[in-house]
Amino acid sequence: MYLANCTRPDIAFATNLLARYSSSPTRRHWNGIKHIFRYLQGTIEFGLYYSRNPEVGLVGFADAGYLSDPHKARSQTGYVFTYGGTAISWRSQKQTLVATSSNYAEIIALHEACRECVWLRSLIQHIQEASGVSTKKEPTTIYEDNSACVTQLKEGYIKSDRTKHIPPRFFSYTQELEKNQEVDIH
């Protein structure tokens, strides 16, 4: 858990998935843990590298795995934010809401990523102001792999057969951030 939370975001999903069964593990879960350890042994040189001169600012990536837990009908949300090409914030967790479509799961994931983005932007701005560094405010680019989700968020909430089950709050928050040029979703 320490590695997944502090230095190795590449194992966050697998570790999160196995941690769900820590109260009553089976042989299959133990084999999964051993698989993670073998992966870590083979990639021991991997890790986070922070450069002195970051050329690129804050960039985010959001994704969702629809029905990753079929027993409880929950999807998985994941996002990672990089600054200067190095991961500074990441998360992989089971969604608290039941998503009734893959599009809904992606919109929830993007909403969660936008919430984290707002916090990271304010933190970075505070550090830069305290250090006396002047910067221009540019929107944070967040990449999402579902083009229908991105189009719906850019066009606004339009109640149709495909979106009527999705609460408008997931659309409005992200749209407001785009309108205020805090995020730019691609």
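The model is a predicted one, in which local features need pLDDT of at least 70 and side-chain atom pairs count only at pLDDT 80 or more, while totals for chains, interfaces and linings use all residues. Residues are numbered from 1 along each chain as its sequence is written, and side-chain values use heavy atoms, with hydrogens and water left out.

The phi of Gln181 is near 55 degrees, a positive value in a residue other than glycine. Most residues other than glycine have a negative phi. Gln181 is also exposed, with a relative accessible area of 56%; on this scale buried means under 20% relative accessible area, exposed means over 50%, and partly exposed lies in between (1.4 Å probe, protein chains only).

Glu178 belongs to helix 6. Its side chain reaches the backbone nitrogen of Ile185 at 3.3 Å, a polar contact (a pair of N or O atoms within 3.5 Å; within protein, one must be able to donate a hydrogen and the other to accept it, and residues adjacent in sequence count only if both atoms are side-chain atoms). Not counting residues up to four places away in sequence, Glu178 touches Lys154, Val183, Asp184 and Ile185, with contact meaning heavy atoms within 4.5 Å.

Now let us step back to the whole chain. It has 6 helices and 5 strands, and along the sequence they follow the pattern α-α-α-β-β-β-α-β-α-α-β. The C-alpha atoms fill a box of roughly 50 × 50 × 25 Å along the principal axes. Of the 186 residues, 37% are buried. Among contacts between residues at least 6 apart in sequence, 62% join residues at least 24 apart.

The chain is divided into domain 1 (1-42) and domain 2 (58-185), with bounds that come from an automatic or database domain assignment. Taken over C-alpha atoms, the centres of the two domains are 25 Å apart. Where they meet, 9 residues of domain 1 are in contact with 7 residues of domain 2. Together the domains bury about 650 Å², 56% of it on carbon and sulfur atoms; buried area here is the accessible area (1.4 Å probe) that two parts lose on being put together, summed over both. Pro9, Phe13 and Arg20 supply 60% of the area that domain 1 buries against domain 2, more than any other three residues. Helix 1 (2-6) and helix 2 (12-19) each supply at least two residues of the side of domain 1 that touches domain 2.

What kinds of polar pairing cross this interface? The rule finds 3 residue pairs in polar contact there, both residues at pLDDT 80 or more, and 0 salt bridges. A salt bridge is a side-chain nitrogen of Lys or Arg within 4 Å of a carboxyl oxygen of Asp or Glu, and the whole structure holds 2 of them. In one, the side chains of Asp10 and Arg8 meet at 3.0 Å, N to O; Asp10 is partly exposed at 39% relative accessible area, whereas Arg8 counts as buried at 6%. Arg115 and Glu112 form a salt bridge at 3.3 Å, N to O. These two residues are 3 apart in helix 4 (residues 102-131), so about one helical turn separates them.

Gly57 lies in the loop between helix 3 (27-42) and strand 1. Gly57 and Gly47 are 10 residues apart in sequence and 20 Å apart in space, C-alpha to C-alpha. Leaving aside neighbours within four places in sequence, Gly57 is in contact with Thr82, Tyr83 and Gly84.

We finish with the rings. The structure holds 2 aromatic pairs: rings of Phe, Tyr and Trp (its six-membered ring) pair if their centres lie within 6.5 Å, and planes under 30 degrees apart count as stacked, over 60 as edge-to-face and the rest as tilted. Phe61 and Tyr143 are stacked, at 5.3 Å centre to centre with 20 degrees between the planes. Phe61 lies in strand 1 (residues 58-69) and Tyr143 in strand 4 (residues 140-144), so this pair ties together parts that are 82 residues apart in sequence. Tyr79 and Phe81 are edge-to-face, at 5.8 Å centre to centre and 65 degrees between the planes. Both Tyr79 and Phe81 are buried.

Terms used: Helix = DSSP H or I, 4+ residues; strand = E, 2+ residues; numbered from the N terminus.
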